[in-house]
Amino acid sequence: AAAPRPLQLRLAPGQEFRVRKVVEQTLTQQAGGEPTVGRTRLELWLAVRVEEGASDGHQRLRIEYRRVRYLHDVPGEWFEFDPANAGAPVPLVALPYRGLVGNGFSLWIDPDHRIHEVIGFREFLERCVRDVPGPQRAAVLAQFAELADSAEIANIIDDGIGLLPGVSAKQPEVGDSWTRERRLGRALPLHVTSRCTLTELTDEAAEISLAGHVAPATTLEPVGLGSDERAGLRVSARGGPSSGHCTIDRRTGLPLRSTIERHVEMLVEPPAVPPFV
């Protein structure tokens with residue numbers, strides 16, 4: 001009988017696969033009175049192509065954005081960006097999403113399915129904000145870089161390919177668990193630990209469940225959010241739980257479906273007011 005396929009990534013240079021990624025965020029703010037709720041939804045259609053492989057097990061992938069849709073609904077501000085609505089005005093904050101279409105970068109992943117090196121990311125970001133007027137470009141670039149780093153790059157790998165056990169690890173059997181760790185964000189780095197458990201294994205697919213937590217974190221220096229009114233805020237994350245489920249195609253090691261939920265309680269402190277003299 002043929003040996004069972006190990007649970008790992010098996011791709012050849014030239015292979016391309018499509019990914020549809022949805023990032024939904026709900027922010028509930030409590031500041032004395034009734035809580036206010038804001039929501040955003042980002043839909044991305046991507047093509048991921050294997051550019052080359054190295055003898056040591058590293059692989060270089062090309063990430064290209066083909067289509068994007070963004071919905072922004074926070075108290076006092078609502079808009080939707082969809083290239084299908086060609087005549088609709090595009091708000092300043094949505095201009096980088098228009099710059100995503102037809103844009104991309106490359107990255108190397110190591111044999112343990114982690115990002116080893118990102119290539120051309122700065123140039124990718126600059127192309128995203130090329131339509132932003134000059135005076136606002138630096139602030140928009142800084143905000144978009146934080147989003148792209150935390151929500152777009154790592155999640156493409158870590159919420160799918162990155163859940164696989166390392167090639168040097170023992171191949172899991174149903175019921176076995178292993179741990180994966182990652183970091184989210186730049187301004188407020190969040191450390192996420194996930195315990196992956198193999199719940200089902202067939203010749204076609206592997207089912208993996210996730211349970212973990214986000215560790216508490218605090219900005220070491222006040223964080224400027226792009227306006228004088230918000231500059232100097234101090235942000236702390238008190239942590240929270242995370243959970244999810246992923247279905248892996250055993251032929252390729254690619255995720256067929258992956259859903260991750262994280263809940264984080266955060267505290268925003270205004271800058272200290274100097275005493276009156």
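Arg 41 and Glu 24 form a salt bridge in this predicted model, with 2.3 Å between the closest N and O atoms. The two residues are 17 places apart in the chain, and the bridge links distant parts of it: Glu 24 belongs to strand β1 (residues 16-29), Arg 41 to strand β2 (residues 36-53). Glu 24 counts as exposed because its relative accessibility is 56%, over the cut-off of 50%. Arg 41 has 28% relative accessibility and therefore counts as partly exposed.

Is Glu 43 buried or exposed? Its relative accessibility is 6%, so Glu 43 counts as buried. Leaving out residues up to four places away in sequence, Glu 43 touches Arg 20, Lys 21 and Val 22, and also Arg 67, Val 68 and Arg 69.

Arg 69 is in strand β3 (residues 59-74) and Asp 82 in the loop between β4 (77-81) and α1 (95-100), so the bridge ties together parts that are 13 residues apart in sequence. Asp 82 counts as buried because its relative accessibility is 11%, under the cut-off of 20%. Arg 69, with a relative accessible area of 23%, is partly exposed.

Another pair involves helix α1. Arg 98 and Asp 131 meet through their side chains in a salt bridge of 3.3 Å, N to O. Arg 98 is in helix α1, while Asp 131 is in the loop between α2 (121-128) and α3 (134-158), and 33 residues separate them in the chain. Both residues are partly exposed: the value for Asp 131 is 38%, and that for Arg 98 is 36%.

Salt bridges can also join into a network. Here one network links Glu 16, Arg 18, Arg 49, Glu 51, Arg 60, Arg 62, Glu 64 and Arg 66. The count of salt bridges in the model comes to 18.

Helix α2 shows how burial can be arranged around a helix. Which residues of α2 are buried? They are Phe 121, Phe 124, Leu 125 and Cys 128. Seen down the axis of α2, these buried residues fall within an arc of 95 degrees, so they line one face of the helix. For Cys 128 the relative accessible area is 1%.

The next topic is the cysteines. The count of disulfides is zero. Cys 196 is buried, with a relative accessible area of 0%.

Cys 196 is among the contacts of Ser 177, which also include Arg 195 and Thr 197 when neighbours within four places in sequence are set aside. Ser 177 is found in strand β7 (residues 177-184) and counts as partly exposed, at 30% relative accessibility. The side chains of Ser 177 and Thr 197 are joined by a polar contact of 2.7 Å. Ser 177 and Thr 199 are 22 residues apart along the chain, and 9.2 Å separates their C-alpha atoms.

One residue is worth a look for its backbone. Most residues other than glycine have a negative phi. The phi of His 113, however, is positive, near 65 degrees. His 113 is found in the loop between β5 (104-109) and β6 (115-119). With a relative accessible area of 3%, His 113 is buried.

Last comes the predictor's confidence. The mean pLDDT of the protein is 83, and 86% of its residues reach 70 or more.

Notes: Residues numbered from 1 in each chain as written. Predicted model: local features only at pLDDT ≥ 70, side-chain atom pairs only at ≥ 80, totals over all residues. Heavy atoms only, no water. Salt bridge = Lys/Arg side-chain N within 4 Å of Asp/Glu carboxyl O. Helix = DSSP H or I, 4+ residues; strand = E, 2+ residues; numbered from the N terminus. Buried < 20%, exposed > 50% of the residue type's maximum accessible area, 1.4 Å probe, protein only. Arc of directions from axis to C-beta. pLDDT = per-residue confidence, 0-100. Contact = heavy atoms within 4.5 Å. Polar contact = N/O pair within 3.5 Å; in protein donor to acceptor, adjacent residues only side chain to side chain. Disulfide = S-S within 2.5 Å.
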